There are 2 protein chains.
Amino acid sequence: MTSHWTEDVSACVNARLASFFEEKAEEAQATSPLAGELLLAVKDLAMRGGKRLRPAALFAGYRAVCSSGQVQQTGDVGAALELLQTYFLIQDDWMDGDEERRGGPSVHASFTQRYRDPQLAASLAILAGDLAVGFAFELLHRAPFPTERVREGYAAFSAMHFEVVCGQQLDLLEHQDVSLMHHLKTGSYTVRGPLRLGALLGDASAAQLAALERFGEPLGVAFQLRDDLLGTFGDPRVTGKPAGHDLREGKNTVLIADARDTLPAEDWHKLKHVLGHDHPSAADLATAAALLERSGVRARVEARLSALIAQSEQALQGAPLTSEGSAMLGDLLARVATRDH
Amino acid sequence: MTSHWTEDVSACVNARLASFFEEKAEEAQATSPLAGELLLAVKDLAMRGGKRLRPAALFAGYRAVCSSGQVQQTGDVGAALELLQTYFLIQDDWMDGDEERRGGPSVHASFTQRYRDPQLAASLAILAGDLAVGFAFELLHRAPFPTERVREGYAAFSAMHFEVVCGQQLDLLEHQDVSLMHHLKTGSYTVRGPLRLGALLGDASAAQLAALERFGEPLGVAFQLRDDLLGTFGDPRVTGKPAGHDLREGKNTVLIADARDTLPAEDWHKLKHVLGHDHPSAADLATAAALLERSGVRARVEARLSALIAQSEQALQGAPLTSEGSAMLGDLLARVATRDH
C-alpha cells in the first residue's frame, strides 16, 4: 500500500543510526571499559527493527510544506525520534514487566539473564535508557537546519517528551481517562508530533500547521485503536505477539474502556476475572475475546477507527500542503488503516 | 571564604528555576490532571537546596575568559546543570536505596509513602527524573548565546551526561577502578565539566580551555576525596548525614580502596565485616573509622587532597585567564579545600 519513499526513509534513518553508534562506540571505548555494554543494549534495541513510522511521519510533514525536501535532510531528526522511542520502550518494558520486545528480550530482561539480579538489571536498563535519551537530544541538536527552525523543532520535541512522560504516568496510575492517556502516550509522538516537527523544520505557515494537526490528531488516535484491536484480536503469526496478548496482560485498552461502559454486569465480571488473572487459560482468553465480539464492543471500536480514518482523509482535501506531501500523508493513512502487525 | 558572587549566582539560578517551574506548572495543568504531581516532585528536590556549586563553576569558567560577563548570562545554563543534577540524584537514590536527600525524603521514598507500592513508586520516580532531564536539555537549548557557542556548549553538556551515566554503571557493577568511577561520576560534572561549559559559552581559546582543564581536573578529584572524608568522618551535626554514613552504606570510597591495598589482612577483614553488614552497630562503625584513622588511611587521603589542591592552585599561576575569573576560581578552590558539609 505504502510506496517506496517510506523504505528510503527507513534506509536513511538506519544508516544514520549505524554511523552514530559507530561514533559512540569509539567514545565509549575511550571513556570506560564497561560503557560498550550499555551502548550495545541501546544499539541492539534501536536497530532490531521497528516500523520507523515516526521518521516517515516526520518526513511527510516536512515534505508537505517543502516540496524540494530530500530524505537526507531529516535523517538526523528521524534517528533522534527512533532513539527517543528506544528510551521510552526500555522504560515501559521495565515498568510493565514485559520480557520481550521486537522479537528479542527487553533490555532489563537481557541484563537480568546476564547478572541474575533483577534490581541491578533494572538500574542498568534505566542507565541504557539514559544514554538513549541523551543521544536523541544530541542528534536533534545536530540537525542541519537554520537556528530558528532547530529552536522551534526543539520545542516541539520537548513537548512530545513531556506529553509521553505524562501519558505514562496516567497509565501507571490507571487513570480512568483512557482517551487522554492514549492521546498523550501514543497520539502525541506517533503521528501528530513527528508531523508537526517535520513541518516546523520546513518553516510551515500557521495554516499548514493547522491542516497537519487536523490530519494527524485523528490518525494518531486511529493508530492507537488499531494497536488495541491487534493486541486483542490480531493473528499471532502476523503480529508476533501471543494470541489475546492485551487481555493476558490486563491492559487498559479502548476495548476494555468501552466494555466497562456497555457490558451487562454479569459479562463485565466475567471479563474482569480474566483481566485480573495472573495466568488466564487459553479457554478463558477465547471466552473474553468472544464476549467483546458478540457484545458489539469490537464492532464499535472498528467503526470509530473507520470514522477517524475518514476524518483524516477529509482533512487532506483542499489543505494548503504540497502535492508530494499530501500523497505521502495518504500513504501513511493507508498504512494505519490496513496494518496487521 | 567565598565571596558574594557565589550568592549572586545562587540567587540568579534559583530565580530562573522558579520561573521555569511556574511556566511548566501551567503546561502541566493544560496537559493532564496528574502531571502537576510529577512536576512537584522535581521542583521540590531541585529547590530544596544543594550548594549550587555547578552553576558557580560554570560562571567562573565563563568569567575566566570573558571579563565583562554578567551572572544573568549563564542563568539558564546554570539552571540546566541543577536540573541535570536533580535527575541524577533521583535515579541514584533509587538505585542505591537511599531514602533521604537534602534533608527530606528522596523522590522514590516520597512516592512510596504516598502509594504504598515500591515498584509503582520507583516507576514514578523514574518518570520524575525523565521530566528533569528533558527540562535540563530544554533550558540549555534556550541559552542566550550565539548558535556556534550553544552548539559547542551542547556537545560539552552531552559529554558530561554520557560520562556520569558511564560512571554510575561502574559504581553499580562495583568496578575495581574506583578512580575512574569517580573521575566519570563526580569529577566530570562537578567542576571540570561546568568550567569547560562556561568557557566554551564565553568563546574560550584552546590555551584557556587547557588552563581550565589543568585547574579543574585535580579540583574535581579533590572534591570527591573531601566528599568521601566527610561521608566517613564528618560531623553529623554539620553534614546532615548520620555518623559513618558511607561505612554504613558499604560505599566504595577512596578510603576503602586505599584500605584494601594497604591494610593487613586481619584489619581488612574486620573492615569488610562492617561494610558487608546490613545494619552495623554504632560500636562497629566507630571501630572501622578508628581503623582507617590508626592505619594512616585517612592521613594518606588527606595528604592526597592537599596535593591536589596545591596542583590546582599552581595551575592558576600565569594562566591566560581574566583576573576576575582567576579570583573566582581561587574562591572555588578555597570552598572545596575547607568545606565541612
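# Notebook: a two-chain predicted model

I started with the nonpolar core, and the largest one has 213 residues. A:Ala128, A:Ala136, B:Ala128 and B:Ala136 have the most contacts inside it. For my own record, a nonpolar core here is a set of buried Ala, Val, Leu, Ile, Met, Phe, Trp, Tyr and Cys residues joined through C-beta atoms within 7 Å. Buried is taken as 20 or more other C-beta atoms within 10 Å of a residue's own, exposed as 12 or fewer, and partly exposed as anything in between, with C-beta atoms placed from the backbone.

Ground rules next. This is a predicted model, where local features need pLDDT of at least 70 and side-chain atom pairs count only at pLDDT 80 or more, while totals for chains, interfaces and linings use all residues. Residues are numbered from 1 along each chain as its sequence is written, and chains are lettered from A and ligands numbered from 1 in the order in which they are written.

**Confidence.** I checked pLDDT, the predictor's confidence in each residue from 0 to 100. Chain A has a mean of 92, with 99% of its residues at 70 or more. Within chain A the lowest confidence falls in helix 10 (residues 236-239), at a mean of 77, and the highest in helix 2 (residues 35-47), at 97. Helices (H or I, at least four residues) and strands (E, at least two) are DSSP runs numbered from the N terminus. For the complex, the predictor gives an ipTM of 0.92 and a pTM of 0.92.

Which residues does B:Ala136 touch, leaving aside neighbours within four places in sequence? I found B:Ala80, B:Leu83, B:Leu84 and B:Tyr87. Contact means that two C-beta atoms, placed from the backbone, lie within 7 Å.

**Chain against chain.** I looked at the A/B interface and found 36 residues of chain B in contact with 36 residues of chain A. On the chain B side, helix 1 (5-31), helix 2 (35-47), helix 4 (75-96), helix 6 (118-142), helix 7 (147-172) and helix 8 each supply at least two residues. That side of chain B divides into 20 nonpolar, 12 polar and 4 charged residues. The classes count Ala, Val, Leu, Ile, Met, Phe, Trp, Tyr, Cys and Pro as nonpolar, Asp, Glu, Lys and Arg as charged, and the others, Gly among them, as polar.

**Helix 8 of chain B.** I went along residues 178-201 and found a kink of about 65 degrees centred on B:Ser188. The bend at a residue is the angle between axes fitted to the seven residues ending there and the seven starting there. Helix 8 of chain B is mostly covered, with 22 of its 24 residues buried. B:Asp203, which follows the helix, has a positive phi, near 65 degrees.

**Domains of chain A.** Chain A is divided into domain 1 (1-204) and domain 2 (213-317), with bounds from an automatic or database domain assignment. Their centres, taken over C-alpha atoms, are 26 Å apart.

**Positive phi in chain A.** I noted two non-glycine cases.
- A:Arg102 has a phi of about 50 degrees and is found in the loop between strand 1 (100-101) and strand 2 (104-105). It counts as partly exposed because it has 16 C-beta neighbours inside 10 Å.
- A:Glu174 also has a positive phi of about 50 degrees and lies in the loop between helix 7 and helix 8 (178-201). Is A:Glu174 buried or exposed? A:Glu174 is exposed, with 10 other C-beta atoms within 10 Å.

**A few single residues.** B:Thr6 is found in helix 1 of chain B, and I count B:Thr6 as buried because 22 other C-beta atoms lie within 10 Å. Beyond four places in sequence, B:Thr6 is in contact with B:Ala56 and B:Asp331. B:Thr6 and B:Ala60 are 54 residues apart in sequence and 9.3 Å apart in space, C-alpha to C-alpha.

A:Pro144 lies in the loop between helix 6 (118-142) and helix 7 (147-172) of chain A. A:Pro144 has 13 C-beta neighbours inside 10 Å, so I log it as partly exposed. A:Leu200 is 56 residues from A:Pro144 in sequence, and 13 Å from it in space, C-alpha to C-alpha.
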